[in-house]
Amino acid sequence: MATETPGAAAASSCVGPDGSAIGMPQLCFDWWPNQIFWLILALLAIFFVLSRIALPRIASVLAERQGTITNDIAAAEDLKRKAADAEKAYEKALADARTEAQKIAQQTRDEIKTELDAAMAKADSEIAEKTKGSEQRISEIRASAMENVEIVAKDTAEAIVQALGTTADSSQVNAAVDNQLKG
Amino acid sequence: MATETHGAEGAAHGEGGLVFHPMDQFIVKPLFGNGEVGLFTVTNVTLWMVIAVLCITALMVWGTSRRAIIPGRTQSVAELAYGFIYKMVEDVTGKDAVKYFPYVMTLFMFIVFSNFLGLIPMAFTLTSHFAVTVVLALAVFLSVTVLGFVLHGTKFLGLFWPTSAPLPLRPVLAVIELISYFVRPVSHSIRLGGNLMAGHAVIKVFAGFAALAAVSPLSILGITAMYGLEVMVAFIQAYVFTILTCVYLKDALHPNH
């Protein structure tokens, strides 16, 4: 720095006539009082600025931040607990609803079963009744059919006997037909 | 030293353009006029002291003026510096030492800013001057010693009388302890000043070689590497000075362990 501007530093016991240092400028004690004077002023200024303004301010900012963080964590904890509670309540409601639904379903199923059973019994009895009637009618029909066969057989037999040229005694014919039908 | 280097190198290379004035950057000179450097003369030292104070104020006061809960960039750096030194004082010196935190912080901020401002090309490096580092180290040494005697009275001398050692060894250890105690301000100040001065001088020497076209790429590479190293040194030396201050302070507060 001094090289470029020779003469800026006055020639003294520490600076040669060409403006460059003689020996170590650090050991030029002519300059020490000046350096020490300004150093002490600078240190006092820095100390004043730091201890009066900067450090308390930063300390308060850090404390405030710590407080905010603690509060936020507490709030988050609270919200988390609330969320957990809400979830629990929701789960409980869900479980309740499920059991209720199951109960209702079971009830409905039971009701339907009873109704179904009743309907089945009724249908069964109706069917049985109908079967009975039908059997009766079938037996009636069968009986009347037998009767008709008998009449037809007797008439036919009489007609055959007549066709053979003999007069048939109807009672005799009837007796013979009955006898044949039984046999 | 500079003239010797100049003569030797100039003769070795036989080049008129090759000049080495690695120590000229440390010359203290008045800002206005060419007078003598008196006690109150406004010099380049004053200029860079003022710049350092302004930079520290800018970072620590202006940077934190918004007091934001979510810090911006400058506030983050200020808080980082605060937290770094606060934790150092708390960890190294103890919880009861946090009342000395502003002093330690003042030292650290001044040194770290002087170191880094000195890395600006053409800047004057305050902490490369023993006048500065000796005052800093002596201030630490004297205040720590006074504090030790004020807090513990003559018990503070127990620092030099290791009761854990066998009795015949104690006088020998006491002498060693005493010497090491009084060497503290010397090593404390020379370490910082020497590191800074050497680094800056070496950069200047490399820069001097750049005048030779053949070696200038090498020289520029050397300057770059040295500069990188100096950036590290700038922080590490500030850190070392501060942590040693904390260690010495711990001795004053708890001389028995």
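Helices here (H or I, at least four residues) and strands (E, at least two) are DSSP runs, numbered from the N terminus. Although B:Met122 is not a glycine, its phi is positive, about 75°. Most residues other than glycine have a negative phi. Is B:Met122 buried or exposed? With 7 C-beta neighbours inside 10 Å, B:Met122 counts as exposed. The terms are set as follows: a residue is buried if 20 or more other C-beta atoms lie within 10 Å of its own, exposed if 12 or fewer, and partly exposed in between, with C-beta atoms placed from the backbone.

The model in the viewer is predicted: local features need pLDDT of at least 70 and side-chain atom pairs count only at pLDDT 80 or more, while totals for chains, interfaces and linings use all residues. Residues are numbered from 1 along each chain as its sequence is written, and chains are lettered from A and ligands numbered from 1 in the order in which they are written.

**Chain B as a whole**

The C-alpha trace of chain B spans about 65 × 55 × 40 Å along its principal axes. Of its 257 residues, 36% count as buried. Among the contacts in chain B with a separation of 6 or more, 59% are between residues 24 or more positions apart; two residues are in contact if their C-beta atoms, placed from the backbone, lie within 7 Å.

**Two crossing helices**

Select helix 2 and helix 4 of chain B. Two packed helices are described by the angle between their axes and the distance between the axes. For this pair the angle is about 115° and the axes are 10 Å apart. The axes are lines fitted to C-alpha atoms, for helices over the stretch in contact, and angles run from 0 to 180 degrees between N-to-C directions. The crossing of helix 2 and helix 4 of chain B is right-handed; a crossing is left-handed if the near helix is turned anticlockwise from the far one by less than a right angle, and right-handed if clockwise.

Which residues of helix 2 of chain B meet helix 4 of chain B? They are B:Trp48, B:Ile51, B:Ala52, B:Cys55 and B:Ile56, which meet B:Met109, B:Phe110, B:Phe113, B:Ser114 and B:Leu117 in helix 4. By class, this contact has 9 nonpolar, 1 polar and no charged residues. In these classes, Ala, Val, Leu, Ile, Met, Phe, Trp, Tyr, Cys and Pro count as nonpolar, Asp, Glu, Lys and Arg as charged, and the others, Gly among them, as polar.

**Where the chains meet**

Show both chains again. The contact takes 44 residues from chain A and 48 residues from chain B. On the side of chain B that touches chain A, helix 2 of chain B supplies the largest share, 9 residues. The residues of that side divide into 29 nonpolar, 14 polar and 5 charged.

**The largest nonpolar core**

Select A:Ala42, B:Met49, B:Ala52, B:Phe108, B:Met109 and B:Phe110, which touch the most other members of the largest nonpolar core, a set of 66 residues. Such a core is a set of buried Ala, Val, Leu, Ile, Met, Phe, Trp, Tyr and Cys residues joined through C-beta atoms within 7 Å. Helix 1 of chain A gives the most to this core, with 11 residues. Centre the view on A:Ala42: not counting residues up to four places away in sequence, A:Ala42 touches B:Met49, B:Ala52, B:Val53 and B:Phe110.

**Annotated spans of chain A**

Colour residues 36-55 of chain A, which an unreviewed UniProt entry annotates as "transmembrane region". This span is 100% helix and 0% strand, and its end C-alpha atoms lie 25 Å apart. Then colour residues 76-107 of chain A, listed by UniProt (unreviewed entry) as "coiled-coil region". Here the end C-alpha atoms lie 45 Å apart, and the span is again 100% helix and 0% strand. UniProt positions are given in the numbering used here, feature names are shortened, and annotations may be inferred rather than shown by experiment.

**Last stop**

Finish at A:Ser171, in helix 2 (residues 170-182) of chain A. A:Ser171 is exposed, because 8 other C-beta atoms lie within 10 Å.
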